[in-house]
Amino acid sequence: MRDGAFITEWENGEIVSVSINPRLEHRFEKLFKSAARSSNRGVGKVEHGIKVIVFGSFWIEAFSNYCLRSFLEYSSQKSKWTKLERKKTIDKFKYLSKEASGIYKTRFSHFRGKLKDALSIRNRLAHFKEENFKIAGRVTKEEFISLHKSTPDPELIQELKNPKLKHHISVIILAGKWLRDVNEYLSFVNGVHVSQSNLKKLVL
């Protein structure tokens, strides 16, 4: 195996399970962060914004699936995955926040709305059903030229450029950190230590 990850499960200081997984959320995270850096250079291109939203959403969606599925396995609730895997990403966050409770639930409430907004942009890009937005009726050629120069970008394009894009970047990073913290906490309270190691870095 050249790429992917070993996942070792420990109990009482002993390895009780070894698995492999593509763990593509790590790749999605790198692609997201690369696009985020590019979007901050110069005026930023719409293409960078698209990559930020798409790969950022892929990262968060894949990582939330991993965290939720892992928790269900740790807590002997594996049978629930079939039903929960069909839920929206934001609902998986809700489930995890309810299980972790306390400070994790409070932290989630602070960025829940903004994360939902960022994920909704991903859906708009994926399904693209934007309607034409009329800004004028009959105009002369001169008036059309004036409109071309003075009309702001369509609303969706504005979401893909700074300064709005910076807010989406911030909340995606915040959501990723929250998932890491919750995953670590829930595995700890269930008495399971999960070690994730890229095969190339594994030392036997």
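Student: In which helix do Glu29 and Lys33 both lie, and how many residues apart are they?

Tutor: Both residues belong to helix H1, and they are four residues apart, about one turn of the helix. Helices (H or I, at least four residues) and strands (E, at least two) are DSSP runs, numbered from the N terminus. This is a predicted model, in which local features need pLDDT of at least 70 and side-chain atom pairs count only at pLDDT 80 or more, whereas totals for chains, interfaces and linings use all residues. Residues are numbered from 1 along each chain as its sequence is written, and side-chain values use heavy atoms, with hydrogens and water left out.

Student: What is the distance between the closest N and O atoms in the salt bridge of Glu29 with Lys33?

Tutor: A salt bridge is a side-chain nitrogen of Lys or Arg within 4 Å of a carboxyl oxygen of Asp or Glu. In the bridge between Glu29 and Lys33, the closest N and O atoms are 2.9 Å apart. By this rule the model has eleven salt bridges.

Student: With which residue does Arg180 form a salt bridge?

Tutor: Arg180 pairs with Glu29, the closest N and O atoms being 2.6 Å apart. Arg180 lies in helix H8 and Glu29 in helix H1, so this pair ties together parts that are 151 residues apart in sequence. Another bridge joins the side chains of Arg122 and Glu61 (3.7 Å, N to O). That pair also links distant parts of the chain, with Arg122 in helix H5 and Glu61 in helix H2 (residues 46-74), 61 residues apart. Through shared partners, salt bridges join Glu29, Lys33 and Arg180 into one network.

Student: Is Glu29 buried or exposed?

Tutor: Buried means under 20% relative accessible area, exposed over 50%, and partly exposed in between (1.4 Å probe, protein chains only). Glu29 counts as buried because its relative accessibility is 10%. Lys33 is partly exposed, with a relative accessible area of 34%, and Arg180 counts as partly exposed at 36%.

Student: At what angle do helix H1 and helix H8 pack?

Tutor: Two packed helices are described by the angle between their axes and the distance between the axes. Axes are lines fitted to C-alpha atoms, for helices over the stretch in contact, and angles run from 0 to 180 degrees between N-to-C directions. Helix H1 (residues 25-39) and helix H8 (residues 164-189) pack at about 150°, and their axes are 11 Å apart. H1 is therefore roughly antiparallel to H8; angles under 35 degrees count as roughly parallel, over 145 as roughly antiparallel, 65 to 115 as roughly perpendicular and the rest as oblique.

Student: Which peptide bond is cis?

Tutor: The bond from Asn162 to Pro163 is cis, with omega near 15°. Pro163 lies in the loop between helix H7 (155-159) and H8.
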